[in-house]
Amino acid sequence: MEKFMIPTWTLQRFLRERERTNPESTGELTQLLASISLGVKIISQMVATAGIRGVHGYSSRINSSNDKIAFLDDEADRVLFDILQSSGHFGSIVSEERNDAEVTSEWSDEAKYVVAIDPLDGSSNIGSNIPVGTIFAIFRRKKEHRRAGPTDFLQPGSALVAAGYSVYGAKTSFVYSAGDGVHDFTLDPSIGEFVLAQEQMSVPQRGSILSVNEGNWPYWDQKTRDFVMSFKQEDSERGLPYTGRYVGSLVADFDRTLRRGGIFLYPRSTKHPNGRLRLLYETIPLAFVMEQAGGRAVDGDLPVLSVMPESIHQRSGFICGGVDDVEDYLRSIR
């Protein structure tokens, strides 16, 4: 009979153990990640109770991408900003819901890190009970600048200190990497803690799932259309056709791709020549997680982690998945 395993490896304990065994650790990153995880717990409860609280629909505000801001977007943004501000370990924040990088506190000039967040990715799906999530990226402040500000964020993804995401669905997950692999935690509501579900996650090098919004077909170039069509042909040697799966919530589609393999595409198009997703707080952190798990992520041509952001709300194409699947994509467009 299989024994019941007591979940002793909480996220807090896991982070502390990483800190203890790293002689260069000073504790700031541990506390910053712990603060983000607290924000995630609060947002998870907000999402779960949005219907009974009557929190639905959109406010009168417009975000940096000229999209309407949902009430829950606003709530999630405020929660993360307030909690992270009180941590005192980072100097500036960039959020999808804020037009500019904001200095966070009186400690900002001494803080070691800056944080970019998408507080509630996929919030337009809330009314349909589709999973949504939070994405975050942590950079070290540039030493040449005394004051924390937007220039601290203009760094390639290869300079990330840590990144991760959460998904609010049938379970609430917290997946993160600090450059030592990818670690997956699940919120146990009975104790109010994230517990370790999987250490050192690894994406299959080749999968069987194609995830793409085919509603954008008219706006793709011919090479992208040919690539997507190739996955619909029967070819037993290549394991084709692939199964089509597309949720329309980036974190949900990414999470499935990370766990089960295959390929996720949101390519550039005539409708969005620079791409639809945001580089700094969507594609860079997710690319970091994917590559730490052994996969690949490109913007259509270049590795996402090599792209130098030129502005804090810059857009990007995004193709990610197992190495073999992404290599197939690169060969097809070249």
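This is a predicted model: local features need pLDDT of at least 70, side-chain atom pairs count only at pLDDT 80 or more; totals for chains, interfaces and linings use all residues.

How many salt bridges does the structure hold?

A: The structure holds 21 salt bridges, a salt bridge being a side-chain nitrogen of Lys or Arg within 4 Å of a carboxyl oxygen of Asp or Glu. Residues are numbered from 1 along each chain as its sequence is written, and side-chain values use heavy atoms, with hydrogens and water left out.

As for the general idea, side chains of opposite charge can pair when their charged atoms come close.

Let's start with Arg-206, which forms a salt bridge with Asp-328; their closest N and O atoms are 2.9 Å apart. This one links distant parts of the chain, as Arg-206 is in the loop between strand S10 (193-198) and strand S11 (209-212), whereas Asp-328 is in helix H8 (residues 323-333), 122 residues apart. Those element names come from DSSP runs numbered from the N terminus: helices are H or I with at least four residues, strands E with at least two. Arg-206 has 36% relative accessibility, so it counts as partly exposed, while Asp-328, at 12%, counts as buried. The cut-offs there are under 20% relative accessible area for buried, over 50% for exposed and partly exposed in between, with a 1.4 Å probe and protein chains only.

With 42% relative accessibility, Gln-200 counts as partly exposed.

Now over to helix H6. Arg-259 forms a salt bridge with Asp-255, again with the closest N and O atoms 2.9 Å apart. Here both partners sit in helix H6, four residues apart, which is about one turn of the helix. Asp-255 is buried, with a relative accessible area of 11%, and Arg-259 is partly exposed, at 27%.

Glu-327 is in helix H8 and Arg-296 in strand S15 (residues 296-298), so the pair ties together parts that are 31 residues apart in sequence. Both ends are partly exposed, Glu-327 with a relative accessible area of 25% and Arg-296 with 22%. Some bridges also share partners: Arg-206, Asp-325, Asp-328 and Arg-331 are joined into one network that way.

Charged side chains also turn up against rings. Arg-13 lies over the face of Trp-9, 3.8 Å from the ring centre, and Arg-98 lies over the face of Phe-81, at 4.1 Å from the ring centre. To count, NZ of Lys or CZ of Arg has to be within 6 Å of the ring centre and within 35 degrees of the ring normal.

Trp-9 brings us to the rings themselves, as ring pairs link it with Phe-14, Phe-136, Phe-174, Tyr-176, Phe-185 and Phe-194 into a cluster. Rings of Phe, Tyr and Trp (its six-membered ring) pair if their centres lie within 6.5 Å; planes under 30 degrees apart count as stacked, over 60 as edge-to-face and the rest as tilted. The count comes to twelve aromatic pairs. One of them is Phe-136 with Phe-174, stacked at 5.8 Å centre to centre with 20° between the planes. Phe-136 is in strand S6 (residues 132-140) and Phe-174 in strand S8 (residues 172-177), so this pair ties together parts 38 residues apart in sequence. Both of these Phe residues are buried.

Another ring pair takes us back to H6. The rings of Tyr-165 and Phe-254 have centres 5.5 Å apart and planes at 90°, so that pair is edge-to-face. Tyr-165 belongs to strand S7 and Phe-254 to helix H6 (residues 250-260), so parts 89 residues apart in sequence are tied together. Tyr-165 counts as buried at 0% relative accessibility, and Phe-254 is buried too, with a relative accessible area of 0%.
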